[in-house]
Amino acid sequence: MDTNQIANSLLMHRGAEADLYLSQVGPWKAVLKKRVEKKYRQKDLDASIRRERTLKEASMLGEARKAGVRTPSVLKLDPEEFSFTMALIPGKLARDNLDTMKPGAREGFFEDLGHQVGQLHLRGIVHGDLTTSNLIISEENIAYMIDFGLANYSIEAEDRAVDLHLLKRSIVTSHNFGTEKCFKALSKGYTASLGEREAASVYKKASEIARRGRYFAIR
Ligand SMILES: Nc1ncnc2c1ncn2[C@@H]1O[C@H](COP(=O)(O)OP(=O)(O)OP(=O)(O)O)[C@@H](O)[C@H]1O
Ligand SMILES: [Mg+2]
């Protein structure tokens, strides 16, 4: 999509590093994510960072999809414009809708999400920014993961644990529902994907991270 097309598209979201536009590819509704210029960086360096991050995010989305994770498919890639276009996921942002979901549906959502995070980790990928702002609840109450801008290849328990920790923290800090059953459901799905032994070492690291967080919070 060139600059003219962007001018005709609807700005959906202005993020820290990117603008997102409602777009169209053939008959499909789509979302164009374009990384914006950072004036504080030297021009050439800024362009190469934005190109690289665009490529990386689009490729990570593709890799996650291959791992069986529900993510939007990448429809177009235009690194020279610092943008890529992905399928629009119809649904609502988890951040704004988890609280009003029926408890049973919410637990189902978390078990499936745990399963998907496990699949992602099994494939050697960590999301890096797994919060309820980066999850869409589809019309069938199923989780879609978006925003792979900080995703990386890693099989370290510590990196995997950061995903679980960020997710749980984003729930505890901004939601009102009883979390215990949902966290159990999340672990059930995660363990089923990753296997008991691997999952146990991730849970151990996640508890350490939570402990460290509390320690620094009270100092
Ligand atoms: N494929 C998609 N389908 C539907 N909505 C999407 C899609 N991708 C992104 N969005 C919407 O755009 C918002 C921002 O997208 P994303 O998280 O990828 O950008 P971001 O740069 O990380 O923004 P922020 O800095 O605010 O986190 C999402 O919270 C979501 O509401
Ligand atoms: Mg985001």
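This text goes through the predicted model, from its ligand to its salt bridges and then to a few single residues. Because the model is predicted, local features need pLDDT of at least 70 and side-chain atom pairs count only at pLDDT 80 or more, while totals for chains, interfaces and linings use all residues. Residues are numbered from 1 along each chain as its sequence is written, chains are lettered from A and ligands numbered from 1 in the order in which they are written, and side-chain values use heavy atoms, with hydrogens and water left out.

Start with ligand 1, which sits in the largest pocket. A pocket is found on a 1 Å grid over the protein atoms alone, as an open set of points with protein on both sides within 12 Å along at least five of seven lines. A molecule sits in a pocket if more than half of its atoms lie within 2 Å of the pocket's grid points. There are 18 residues around ligand 1, and His13, Lys33, Ala87, Ile89 and Asp147 come nearest; a residue is near a molecule if one of its heavy atoms lies within 4 Å of it. The strands β1, β3 (28–35) and β5 each supply at least two residues of this shell. Strands are DSSP runs of E with at least two residues, helices are runs of H or I with at least four, and both are numbered from the N terminus.

Backbone atoms also come up to the ligand. A backbone N or O atom of alanine 16 lies 3.0 Å from an oxygen atom of ligand 1, and a polar backbone atom of alanine 87 is 3.0 Å from a nitrogen atom of ligand 1. For serine 133, the distance from a polar backbone atom to an oxygen atom of the ligand is 3.4 Å. Taken alone, ligand 1 exposes 610 Å², and the protein buries 82% of that, with areas from the Shrake-Rupley method and a 1.4 Å probe.

Next come the charged side chains. Side chains of opposite charge can pair when their charged atoms come close. A salt bridge is a side-chain nitrogen of Lys or Arg within 4 Å of a carboxyl oxygen of Asp or Glu, and the count comes to 21. In one of them, arginine 53 pairs with glutamate 17, the closest N and O atoms being 3.3 Å apart. Arginine 53 lies in helix α2 (residues 43–66) and glutamate 17 in the loop between β1 (10–14) and β2 (18–25), so the pair ties together parts that are 36 residues apart in sequence.

Helix α2 also holds lysine 66 and glutamate 63, 3 residues apart, about one turn of the helix. Their side chains meet in a salt bridge of 3.0 Å, N to O. Elsewhere, salt bridges that share partners join Glu17, Lys33, Arg35, Arg53, Glu57 and Asp147 into one network.

Aspartate 147 is placed in the loop between β9 and β10 (152–153). Aspartate 147 has a positive phi of about 60° although it is not a glycine. Is aspartate 147 buried, partly exposed or exposed? Its relative accessibility is 25%, so aspartate 147 counts as partly exposed; buried means under 20% relative accessible area, exposed over 50%, and partly exposed in between, for a 1.4 Å probe and protein chains only.

Asparagine 141, in the loop between β8 (135–138) and β9 (143–145), has a positive phi of about 65° and is not a glycine. By contrast, leucine 20 lies in strand β2 and is buried, with a relative accessible area of 14%.

Notes: A polar contact is a pair of N or O atoms within 3.5 Å; within protein, one must be able to donate a hydrogen and the other to accept it, and residues adjacent in sequence count only if both atoms are side-chain atoms. On a 1 Å grid over the protein atoms alone, a cavity is a set of points where a 1.4 Å probe fits but cannot get out, and a pocket is an open set with protein on both sides within 12 Å along at least five of seven lines; lining residues have an atom within 4 Å of a point.
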